[in-house]
Amino acid sequence: MYKRTWRRRIRRFRNRLPVYAFFLAVFSFIMAFALPPEGINSPEMDDPFQSVTASPLAAAQPRQVLPAEPDSSPEADVLDKSAWNLTLTNRWNPLPQDYTFVSKALTNGLEVDVRCYQDLQDMLAACRTAGLTPVVCSAYRSYEKQEQLLQNKVERLISCGYSREAAETEAAREVAAPGTSEHQLGLAVDVVDIDNQNLDESQEDTAVQKWLMAHSWEYGFILRYPSEKSELTGIIYEPWHYRYVGRAAAAEIHEQGICLEEYLT
């Protein structure tokens, strides 16, 4: 009796086995989609839908290279004071006999060193933009031209009652002797206001000179012979004579309120 009952149960189980297998398969399928894959919603990820693997586009982006830090060593701020733009020329420092440069003509035919040409043009253009009219009345001069200007000054002083010796001494304070003039460098220009073209101290009151004295350093030029510096420069105050020294040196000279002789010592 017991054996027949057990056999009947086994037969019923075998008959129902396909049904049990079916429900087990369905349950496994549901569980496979109900549980999230490993990595999703992990603490390291801000976005639960973010892919763990970087996309090909992201991988192709170039690496950002930061610019190098500027050199803060003391040597980095030291200008080369033997450079062409800082050549010192005065009665105590004559122009080197082998000094040469490449010149470029201005629109009025005067010439300057090609290396200062663009900064000069930029300065004059900015001055005109301010509503002013600067005029370059003198630039490069040859040795012969400088000699002629000096002798003309001597003769005018003699005609005013000076002795020749006194006239030559006074003339040298206003017109540099040949070989000691900055105009022979090609780096100096005399700039006047179109409404006042007199080379005297009245220039300092013109709108052009006021603008140039305030802004010429921004373009690499300095007022070469400032007031109260004649003992150092050897030349009287000339509020029209501008010398190119480069933008970096001009900024330092302007900030310190010194002349070129002081800057180079």
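Biologist: Where does E228 sit?
Modeller: E228 is in the loop between β5 and α7 (230-233). Keep in mind that this is a predicted model.

Biologist: Buried or exposed, that E228?
Modeller: E228 counts as exposed, because its relative accessibility is 82%, and the cut-off for exposed is over 50%.

Biologist: And what is its phi?
Modeller: E228 has a positive phi of about 65°, although it is not a glycine. Most residues other than glycine have a negative phi.

Biologist: OK, before I go on, what's the average pLDDT of the chain?
Modeller: The chain averages 81, and 71% of the residues score at least 70.

Biologist: Where does pLDDT stay under 50?
Modeller: Over residues 33-76. For that stretch the model has 6 contacts beyond four places in sequence. Where pLDDT is low, the predicted coordinates should not be read in detail.

Biologist: Switching to strands. Which ones does β6 pair with?
Modeller: Strand β4 (residues 188-193) pairs with β6 in the antiparallel sense, over 3 bridges. Strand β5 (residues 221-223) also pairs with β6 in the antiparallel sense, again over 3 bridges.

Biologist: Take Y242, then. What's its relative accessibility?
Modeller: Y242, in strand β6, has 0% relative accessibility, so it counts as buried.

Biologist: What does Y242 touch?
Modeller: Leaving aside neighbours within four places in sequence, the contacts of Y242 include L187, A188, V189 and V191, along with Q209, L212, M213 and S216. F221, I222 and L223 are in contact with Y242 too. As for L212, its C-alpha atom is 8.9 Å from that of Y242, and the two residues are 30 apart along the chain.

Biologist: Now pockets. How much space is in the largest one?
Modeller: About 460 Å³. It is lined by 22 residues, and R141, E174, V175, L199 and E238 lie nearest its centre.

Biologist: Which element gives the largest share of that lining?
Modeller: Helix α4 (residues 143-159), with 6 residues. By class, the lining of the largest pocket has 8 nonpolar, 6 polar and 8 charged residues.

Biologist: Where is R141, and is it buried or exposed?
Modeller: R141 is in the loop between β3 (134-138) and α4. It counts as buried because its relative accessible area is 13%, and the cut-off for buried is under 20%.

Biologist: What are the contacts of R141?
Modeller: Not counting residues up to four places away in sequence, R141 touches Q146, L149, S181, H183, Q184 and D190.

Biologist: And the second largest pocket, how much space lies there?
Modeller: About 260 Å³. Of the 14 residues that line the second largest pocket, M213, L223, I253, H254 and I258 are closest to its centre.

Biologist: Which elements give two or more residues to that lining?
Modeller: α6 (207-215), β5 and α8 (247-256). β5 gives the most, with 3 residues. The lining of the second largest pocket divides into 10 nonpolar, 3 polar and 1 charged.

Definitions and conventions
Residues numbered from 1 in each chain as written. Predicted model: local features only at pLDDT ≥ 70, side-chain atom pairs only at ≥ 80, totals over all residues. Heavy atoms only, no water. Pairing = 2+ DSSP bridges. Helix = DSSP H or I, 4+ residues; strand = E, 2+ residues; numbered from the N terminus. 1 Å grid on protein atoms, 1.4 Å probe; cavity = no way out; pocket = protein on both sides within 12 Å on 5 of 7 lines; lining within 4 Å. Points joined across faces, edges and corners; volume = space filled by probe spheres on them. Nonpolar A, V, L, I, M, F, W, Y, C, P; charged D, E, K, R; others polar. pLDDT = per-residue confidence, 0-100. Contact = heavy atoms within 4.5 Å. Buried < 20%, exposed > 50% of the residue type's maximum accessible area, 1.4 Å probe, protein only.
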